[in-house]
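Please work through each task before reading its solution.

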Amino acid sequence: SGAVFLLLAISFMLGMFLATVTVASQSLFLTHFTENFDLPRALTISGLLGLVTTAIYNFLQGRIPFSLLAIGSLSIVLALTAFIEFGDYFVEDINNLYYYGFTLILPFTFVSQLVFWGSFERMFNLRQAKRVIGSVDLGTMVAQILAFFTIPVLLQLGVPITTLFTIGLFSVGGYLLLFFL
């Protein structure tokens, strides 16, 4: 039960991270860029980054220990999320940061899911996995539902959309911390 609770908490953090960062990135991108010209190009770049990221992850998976790969991958996701949140001090045009954030949605999703399911695979044998798979994945769904219902309320209260990156940053930080445990 301890391992199930830990993975449930990790999946909750994962869901909160993905929901908040996705909504913030998509909203800021669509506010500052055109749908007809910029969106198809950004989606292509995002897809290519997702493929490259997954290929690198799979290449390294057989060559370094999983715990090192997972911690390194989550640390990179944490650092990139922090750059999206605080990068306005380092870039000349903030729109480039919004474009960058949008193109990283898929790589963030792929890497965080690969780490989560890799952890799941290593924590349980096949018999145990069949029994607990539904309850462990429940955390991601609950967090995303909670986030998608809470975000409009926060925005109605005047909370800036960029605050969602802060929530995502804390969520991926919690994910990394729980992974250490």
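A residue is called buried under 20% relative accessible area, exposed over 50% and partly exposed in between, with a 1.4 Å probe and protein chains only. Helices are DSSP runs of H or I with at least four residues, numbered from the N terminus. The model is predicted: local features need pLDDT of at least 70, side-chain atom pairs count only at pLDDT 80 or more, and totals for chains, interfaces and linings use all residues. Residues are numbered from 1 along each chain as its sequence is written, and side-chain values use heavy atoms, with hydrogens and water left out.

**Exercise 1.** Describe helix H5 by its span and its buried residues.

*Solution.* Step one: the expected span of a helix is 1.5 Å times one less than its number of residues. H5 (residues 105–123) has 19 residues and reaches 27 Å from its first C-alpha to its last, close to the 27 Å expected. Step two: the buried residues of H5 include Ile 105, Pro 107, Phe 108, Val 111 and Val 115.

**Exercise 2.** Is Ser 46 buried or exposed, and which residues does Ser 46 touch?

*Solution.* Step one: Ser 46 lies in helix H2 (residues 38–61). Step two: with a relative accessible area of 3%, Ser 46 is buried. Step three: contact means heavy atoms within 4.5 Å. Not counting residues up to four places away in sequence, Ser 46 touches Phe 102, Thr 103, Leu 106 and Pro 107.

**Exercise 3.** Determine how H2 packs against H5.

*Solution.* Step one: axes are lines fitted to C-alpha atoms, for helices over the stretch in contact, and angles run from 0 to 180 degrees between N-to-C directions. The axes of H2 and H5 come within 8 Å and cross at roughly 30 degrees. Step two: H2 is therefore roughly parallel to H5, given that angles under 35 degrees count as roughly parallel, over 145 as roughly antiparallel, 65 to 115 as roughly perpendicular and the rest as oblique. Step three: among the residues that meet are Ser 46, Gly 47 and Tyr 57 in H2, and Leu 106, Pro 107 and Arg 122 in H5.

**Exercise 4.** Which orientation does H3 have relative to H7?

*Solution.* Step one: the axes of H3 (residues 66–86) and H7 (residues 163–180) come within 9 Å and cross at roughly 165 degrees. Step two: H3 is therefore roughly antiparallel to H7. Step three: on the H7 side, the buried residues include Leu 164, Phe 165, Gly 168 and Tyr 175.

Terms used: Helices (H or I, at least four residues) and strands (E, at least two) are DSSP runs, numbered from the N terminus.
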